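Trainee: I've got a new model open and I'd like to learn how to read it. Can we go through some features together?

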Amino acid sequence: MSENYTIKDIIEKVKKNKRRPDIKLITKTYNYALNKHGNQLRKSGEPYIIHPTNVAYTIAELGLDEKTICAALLHDVVEDTEVTYDNIKNEFGEEIAEMVDGVTKLKKIKYATVEEHQVENYRKMFLAMGKDIRVIIIKLADRLHNMKTLEFLAPDRQKAISEETMLLYAPLANRLGLYNMKWELEDIAFMYLYPEEYKELVKGIEQKREERLQFIEKIMADIRIQLKKQRIDAEVTGRAKHLYSIYRKMQRDNKTLDQIYDLFALRIIVNSVKDCYAALGVVHDLYNPMPGRFKDYIAVPKANMYQSIHTTLLGEKGTPFEVQIRTWDMHRIAEYGIAAHWAYKEANYSSRRGGQQIVQVQEDKLAWLRETLEWQQEMQDPQEFLETLKTELFEDEVYVFTPKGQIKVLPRGATTIDFAYSIHAEVGNHMTGAKINSKMVPIITKVKSGDIIEIITSDNSKGPSLDWLKFVKSTSAKNKIQQWFKKERKTENIEKGKEAIERELKRIGIQYTELFKIEYINPMLDRYKYKNLDEMYAAVGFGAMSAAKVIARMLIEYRKEHKEDIVEQKLEELQQQKDKKIKASGSGIIVKGIDNCLVKLSKCCNPLPGDDIIGYITKGRGVSVHRTDCVNINDLLKEEDRIIEVKWYNQEKVTYTVEIEIYANDRNGLLGDIIQKINETKAKIMGVSAKATKERVAIVEITLEIDSLDSLNRIIKELRKVDSVYEVKRKK
């Protein structure tokens with residue numbers, strides 16, 4: 001899958017990109033890496049030097065400077081050879097040494113858990129990224145080449161690395177605007193994670209490739225003619241959409257490949273912003289635009305500097321296709337992302353249309369990165385850190401406005417509470433209400449792009465509610481709410497923390513005075529970055545850190561002076577406590593803090609595993625569980641004190657009843673075909689109701705017994721394949 005590049009290829013690429021490149025430095029670095037890696041081999045049996053050379057070629061391809069290319073060539077020498085940071089600093093200077101150090105994994109620190117060790121690698125990567133973003137570009141190039149040579153690893157490693165790539169590295173490439181890298185990472189990971197679906201998709205696309213190419217070629221020719229008539233100098237190109245993006249769309253919309261028409265995207269590149277909007281007018285005159293499928297990232301750029309106009313149009317026979325319109329300057333940033341900062345800052349590149357090109361990264365463009373570095377210092381819990389990291393990296397944003405017209409960018413699913421905290425912590429802390437487009441709404445209302453939001457505050461406000469943490473989406477809002485509670489309830493949290501530590505010590509049978517000695521306390525405080533014991537107790541009392549984790553870290557020091565088997569037993573007990581099975585209710589629901597609670601799935605919204613849910617404490621009938629988009633949600637939330645956290649428990653097979661509606665053009669044998677299709681999915685039919693309208697539209701309502709939301713989505717997908725059926729949906 002991987003094409004192997006040589007040092008000669010790197011030098012040729014650098015010469016194309018730069019006027020006076022430092023070839024001597026690159027050659028010296030290559031020879032140094034070649035010598036140090038010596039006879040080391042990769043899993044493929046090839047010489048190890050092939051890996052850093054390919055990583056360095058990717059860096060050169062992105063147009064980055066010589067020092068970054070050198071750091072790429074050296075990125076594994078500290079980890080895999082006897083070379084030290086100081087050796088590299090003395091030989092190649094501090095800038096290259098710092099980049100190599102940022103990419104190098106941590107090896108020497110002892111951690112209580114494997115997860116903790118992995119999180120520290122991510123933390124180090126982000127801290128290095130804060131100092132020099134080129135570190136993360138090297139890391140992404142490193143991951144890309146490793147993915148391209150994944151075939152030589154065992155299947156379990158292939159899957160584990162692909163999962164990590166899909167969850168962290170591809171979204172990170174997306175965040176940095178490195179779209180080609182993101183697509184490559186996703187497509188390779190997709191091949192290993194879903195091999196059958198991958199093969200099926202490749203085969204399906206290949207079958208109609210010629211037909212689709214003819215369709216897109218005709219559209220491009222028509223657009224070129226009209227642009228020329230309007231005297232708009234433009235380049236029009238077409239590209240096939242990437243496999244994983246097609247697959248994700250099929251999954252999201254429950255559609256088959258035959259129902260996905262916009263498998264190609266057209267790109268129109270022009271000389272000025274004025275020409276972008278003129279070209280938009282041309283394509284909208286030629287083809288009807290699809291409502292709700294227009295995005296102007298020129299007026300409101302993405303956080304990673306990406307700018308373009310996106311519009312989806314309807315071609316012949318109503319077949320949709322996407323068009324992206326941008327200038328050459330925007331195209332460079334779209335191609336190179338954050339790397340464009342270094343690629344063009346020296347003004348060495350000539351614009352494709354003449355003249356010189358300088359691209360500068362403005363400070364506010366990397367605001368998301370600064371926020372990332374702030375919150376990652378706060379979090380000690382590995383699982384919480386990873387979940388937050390994933391949330392931050394998956395760029396899915398909404399653009400909303402203050403009453404004065406200032407734009408605020410929030411994660412999709414954010415509420416007016418998130419908006420309030422994006423303005424200022426004090427606005428959020430004193431929030432009592434909100435208006436969206438001049439209309440009063442509940443404060444947990446989700447915002448949509450284009451909304452104008454006004455926050456109502458009061459000096460008499462008692463501060464945020466802990467329940468807000470269940471609804472806010474942005475990390476900065478969560479942090480500000482948590483900081484308020486930490487500050488306001490510090491004394492109470494310290495007491496709670498002490499009690500939790502003492503309980504845990506009693507459970508594993510060790511005396512407080514025996515473990516809480518200065519030689520065991522200080523390494524723990526240093527490890528988790530607490531200034532003193534009170535700060536640690538407050539974190540435990542608040543729930544930001546578990547008592548088990550604090551004690552586990554101290555036991556690592558304690559082990560050095562005591563019998564190994566006794567300490568191992570204590571650590572094992574702590575792990576068992578962490579892994580203790582939570583008992584679920586008969587409905588497959590876990591209620592926070594309560595075992596075997598009476599739980600009832602509400603009939604008003606029929607929640608299924610996979611749905612976002614909340615619990616409501618009823619009077620005498622236990623907890624009723626509702627979907628967060630239930631029609632009755634606003635009434636329930638008025639009684640905040642009766643809302644309780646609930647989640648699905650995926651280790652027990654429980655069945656659920658759900659109703660679906662099927663709309664189809666009426667015909668003989670339709671109902672029989674529908675029932676046969678359901679029987680093929682092994683779902684149990686509980687009831688059927690069918691009628692036909694005067695317009696000969698058949699409406700079939702079916703009650704099914706299923707075990708999860710995934711099962712329901714599979715059934716819906718299969719039913720859409722039935723002849724004459726044009727819509728299948730879950731009944732509200």
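Trainee: Where does Lys682 lie?

Mentor: Keep in mind that this is a predicted model. Lys682 sits in the loop between helix H31 (670-680) and S18. Its phi is near 70 degrees, a positive value in a residue other than glycine.

Trainee: Is Lys682 buried or exposed?

Mentor: Exposed counts as over 50% relative accessible area. Lys682 has 74% relative accessibility, so it counts as exposed. Now try Asn437, in the loop between strand S8 (431-436) and strand S9 (439-441). Asn437 also has a positive phi, near 55 degrees, but this residue is partly exposed, with a relative accessible area of 44%.

Trainee: Okay, on to strands. Which strands pair with S19?

Mentor: In a regular strand, side chains alternate between the two faces of the sheet. Here, strand S17 (residues 656-665) pairs with S19 in the antiparallel sense over ten bridges, with Ala664 opposite Ala698. Strand S18 (residues 684-692) also runs antiparallel to S19, joined by eight bridges; there, Ala690 has Val700 as its bridge partner.

Trainee: Why is S19 largely enclosed by the rest of the structure?

Mentor: Look at burial: eight of the ten residues of S19 (residues 697-706) are buried, so the strand is largely enclosed.

Trainee: And the nonpolar core, how many residues does the largest one have?

Mentor: In soluble globular proteins, nonpolar side chains tend to be buried together. The largest core here has 93 residues, and Ile10 and Ile268 have the most contacts inside it. Helix H9 (residues 134-148) gives the most to this core, with eight residues. Apart from it lies another core, of 31 residues, including Val623 and Tyr656.

Definitions and conventions:
Residues numbered from 1 in each chain as written. Predicted model: local features only at pLDDT ≥ 70, side-chain atom pairs only at ≥ 80, totals over all residues. Heavy atoms only, no water. Buried < 20%, exposed > 50% of the residue type's maximum accessible area, 1.4 Å probe, protein only. Helix = DSSP H or I, 4+ residues; strand = E, 2+ residues; numbered from the N terminus. Pairing = 2+ DSSP bridges. Core = buried A, V, L, I, M, F, W, Y, C linked by side-chain atoms within 4.5 Å.
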